[in-house]
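Please read the following briefing alongside the sequence and the coordinates.

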Amino acid sequence: MSVSVRGLEAIYYEDGTKGGTIFQQCEELCSIVGEVDSIYHSPPDELAIIDGLNVTKIQRRGFPDSVVWNIGEAKAGGLKDLGAGEWRRYLCVESGAIAEKVVVQPGETWEASQCFTATSAGAAAASPSTPAADDAEVVEAGGEGLSAERMDEVKGRLMRRRRAPAQSSSTGHTRSWSRKRRRLFTV
């Protein structure tokens, strides 16, 4: 895999592959080689996944943390939605509230989002804040800019990866989480 993440330089992270030990990202590009399970605390609001000439920008709002994750070859067989060798093409970069859980009291609101912008074939990759080229695809909740075939593929993967559905508690709040290491969010 020749994929890297830009924008994490000098950010402290918790390395799940090393028992949660805290490190500081020293390199400008975080290269993905094998298993990665890192929680970056207070990263910049925009990161970029660099894959050759393809750049996917991830803009987050309201989320204090970012996760960079790849299951690696040794554990890939345990994921039912990854075929043989697909771990090499898989990288998860997502925003979340992991270090501190978010609690929204009745009558209050909390907003958070992440937006992906994919640019391909020669777009400038000098920094995550480089403006997108005219042919950039903005991937939002509705999947604008994606072909029907690609949207079906994305929907299929999301359905297979979906963990437990959100559950209502007796207080009327909704609780959900997406990975076993994540802290519970009360919304």
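Does C115 count as buried or exposed? With a relative accessibility of 18%, C115 counts as buried, where buried means under 20% relative accessible area, exposed means over 50%, and partly exposed lies in between (1.4 Å probe, protein chains only). The model is predicted, so local features need pLDDT of at least 70 and side-chain atom pairs count only at pLDDT 80 or more, whereas totals for chains, interfaces and linings use all residues. Residues are numbered from 1 along each chain as its sequence is written, and side-chain values use heavy atoms, with hydrogens and water left out.

**Cysteines**

- C92 is buried as well, its relative accessible area being 14%.
- The structure holds zero disulfides, a disulfide being a pair of cysteine sulfur atoms within 2.5 Å.

**Salt bridges**

- A search of the whole structure finds five salt bridges, each defined as a side-chain nitrogen of Lys or Arg within 4 Å of a carboxyl oxygen of Asp or Glu.
- One of them joins E28 to R6, with the closest N and O atoms 2.7 Å apart; this pair links distant parts of the chain, 22 residues apart, with E28 in the loop between strand 3 (21–24) and strand 4 (29–31) and R6 in strand 1 (residues 3–6).
- E28 is partly exposed at 44% relative accessibility, while R6 is buried at 13% relative accessible area.
- Another is formed by D45 and R60, whose closest N and O atoms are 3.6 Å apart; D45 sits in the loop between strand 5 (36–41) and strand 6 (46–51), and R60, 15 residues apart from it, belongs to strand 7 (residues 54–61).
- R60 counts as buried, at 10% relative accessibility.
- R61 and E111 also meet through their side chains in a salt bridge (3.3 Å, N to O), which connects strand 7 with the loop between strand 9 (92–96) and strand 10 (113–119) across 50 residues.
- In this pair, R61 is partly exposed at 46% relative accessibility, and E111 is exposed at 55% relative accessible area.

- Strands are DSSP runs (E, at least two residues), numbered from the N terminus, and two of them pair if DSSP finds at least two bridges between them.
- Strand 8 (residues 65–70) is mostly covered, six of its six residues being buried.
- D65, V67 and W69 point one way from strand 8, whereas S66, V68 and N70 point the other way.
- Strand 5 runs antiparallel to strand 8 and is joined to it by six bridges, with N70 in strand 8 as the bridge partner of V36.
- Strand 9 is also antiparallel to strand 8, through five bridges, and E94 in strand 9 is the bridge partner of V67.

Note on methods:
Helices (H or I, at least four residues) and strands (E, at least two) are DSSP runs, numbered from the N terminus.
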